[in-house]
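Student: Please pick one part of this model and take me through it closely. I would like to follow the side chains from partner to partner.

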Amino acid sequence: MDTHTVTPFRNRLQGRAQLYALIRAFFAERGVLEVETPILSAAGNTDPNIESFNAPFSGHVDAGARERWLRTSPEHPLKRLLADGVGDCYELGRVFRNGEAGERHNPEFTMLEWYRVGWNHRQLMEETIMLVESALALVGRRAEVLIEGYRQFFIDELGVDPLHAQIDALREPLARYDIDPAGLTRDDWLDLLITHLLQPAFPRDRITVIHDYPASQSALARIRPGDPPMAERFELYLGPYELANGYHELNDAAEQRARFMRDNERRRERGLREMPIDEQLLAVLGDMPDCAGVALGIERLLMCLAGTDKIGDVLAFPFSRA
């Protein structure tokens with residue numbers, strides 16, 4: 001391999017190592033504990049928009065479930081640690097999502113996920129911004145910050161009230177994309193407005209944070225009562241890239257079970273396999289303290305730091321060469 005090939009390759013590896021060092025120093029300074037949790041689990045991710053890899057276990061049947069799932073995030077075991085009283089913690093490690101391969105996606109990638117006990121999503125939002133700003137400083141960059149509520153953001157940018165507009169009004173701005181409407185819900189159209197119209201226009205040197213989502217998009221977040229009720233969650237973008245999703249975490253086991261079951265119902269409707277529910281999480285979720293958590297995609301952040309739109313540029317070996 002000649003020098004012209006070696007130098008950018010080594011720079012790629014060094015950039016990742018420097019970011020990891022920064023992350024660990026960032027949390028050490030704040031007293032947040034680094035932990036490591038299982039990559040293989042007896043439970044799968046029920047989210048109908050995410051597909052998991054599975055693997056058979058050939059050992060003795062007494063060891064547990066014979067079918068195991070590669071984690072799509074470390075969320076469930078981290079929440080079990082929180083329920084055990086471990087306190088503020090984070091994990092930096094590999095996760096896996098089946099079918100997600102392309103210029104901007106790799107089926108195996110790195111996720112940073114952390115939890116802050118006694119915090120809400122607004123407090124965690126500010127810390128996430130601080131971490132991203134620290135990462136930008138590694139490459140001598142700064143970014144302006146825009147923080148706005150979900151509803152107001154749609155009104156300002158598209159002139160559409162996402163909570164009350166009819167579906168036809170949500171579909172109209174997307175007419176030029178010739179999207180097949182079959183099976184698409186109101187929330188699907190709202191997501192398409194973000195991914196097709198709003199997100200691509202975000203300035204590259206801006207951190208954009210959208211918070212307080214419709215209750216129907218609560219995912220794993222608490223719902224704040226009101227008229228209308230709102231999901232206490234946020235998404236953070238750097239330029240046009242979605243980097244992080246954060247939540248004021250739900251710790252109601254009955255409600256969480258109902259959400260898992262609704263996910264599996266949607267999977268059935270789409271002809272997808274139902275996923276085994278994480279009973280070990282549900283058994284202790286009520287013991288989890290009030291907290292906020294966020295997951296951040298490391299490769300997305302590295303792509304922004306390197307100024308590239310290709311995920312292969314920040315990986316030692318992309319999926320096609322793994």
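Tutor: Start with E232 and R224. Their side chains meet in a salt bridge, 3.1 Å from N to O. That term needs a side-chain nitrogen of Lys or Arg within 4 Å of a carboxyl oxygen of Asp or Glu. The model is predicted, so local features need pLDDT of at least 70 and side-chain atom pairs count only at pLDDT 80 or more, while totals for chains, interfaces and linings use all residues. Residues are numbered from 1 along each chain as its sequence is written, and side-chain values use heavy atoms, with hydrogens and water left out.

E232 is buried, at 11% relative accessibility. Buried means under 20% relative accessible area, exposed means over 50%, and partly exposed lies in between (1.4 Å probe, protein chains only). R224 is partly exposed, at 31%.

R224 has another partner. It forms a salt bridge with D212, at 3.3 Å from N to O. R224 is in strand β9 (residues 223-224) and D212 is in strand β8 (residues 206-214), so this pair ties together parts 12 residues apart in sequence. Helices (H or I, at least four residues) and strands (E, at least two) are DSSP runs, numbered from the N terminus. D212 is buried, at 8% relative accessibility.

Some salt bridges share partners. In this way R16, R94, E108 and E299 are joined into one network. The whole structure holds 25 salt bridges.

Now look inside that network. R94 pairs with E108, and the closest N and O atoms are 3.3 Å apart. R94 sits in strand β5 (residues 89-96) and E108 in strand β6 (residues 108-117), so the pair links parts 14 residues apart in sequence. R94 is partly exposed, at 28%. E108 is partly exposed too, at 30%.

R94 touches R16, R71, E108, F109, T110 and E299, leaving out residues up to four places away in sequence. Contact here means heavy atoms within 4.5 Å. S73 is 21 residues from R94 in sequence, and their C-alpha atoms are 8.2 Å apart in space.

Arginines also meet rings. The charged end of R30 sits over the ring of F26, 3.6 Å from its centre. R233 lies over the face of Y213, at 4.3 Å from the ring centre. The rule is that NZ of Lys or CZ of Arg is within 6 Å of the ring centre and within 35 degrees of the ring normal.

Rings also pair with rings. A pair of aromatic rings is described by the distance of the centres and the angle of the planes. Rings of Phe, Tyr and Trp (its six-membered ring) pair if their centres lie within 6.5 Å; planes under 30 degrees apart count as stacked, over 60 as edge-to-face, and the rest as tilted. The structure has seven aromatic pairs. F26 and F27 make one of them, edge-to-face, at 5.3 Å between centres and 90 degrees between planes. Both residues, F26 and F27, are buried. Y150 and F154 have ring centres 4.8 Å apart and planes at 40 degrees, so that pair is tilted. Y150 and F154 are four residues apart in helix α4 (residues 150-158), about one helical turn. Y150 is buried, at 1%. F154 is buried, also with a relative accessible area of 1%. Ring pairs also link F26, F27, Y90 and W114 into a cluster.

In soluble globular proteins, nonpolar side chains tend to be buried together.

Last, the cysteines. How many disulfides does a search of the whole structure find? It finds zero. A disulfide is a pair of cysteine sulfur atoms within 2.5 Å. The sulfur of C89 is 8.6 Å from the closest cysteine sulfur, in C291, which is too far for a bond. C89 is buried, at 0% relative accessibility. C304 is buried too, at 9%.
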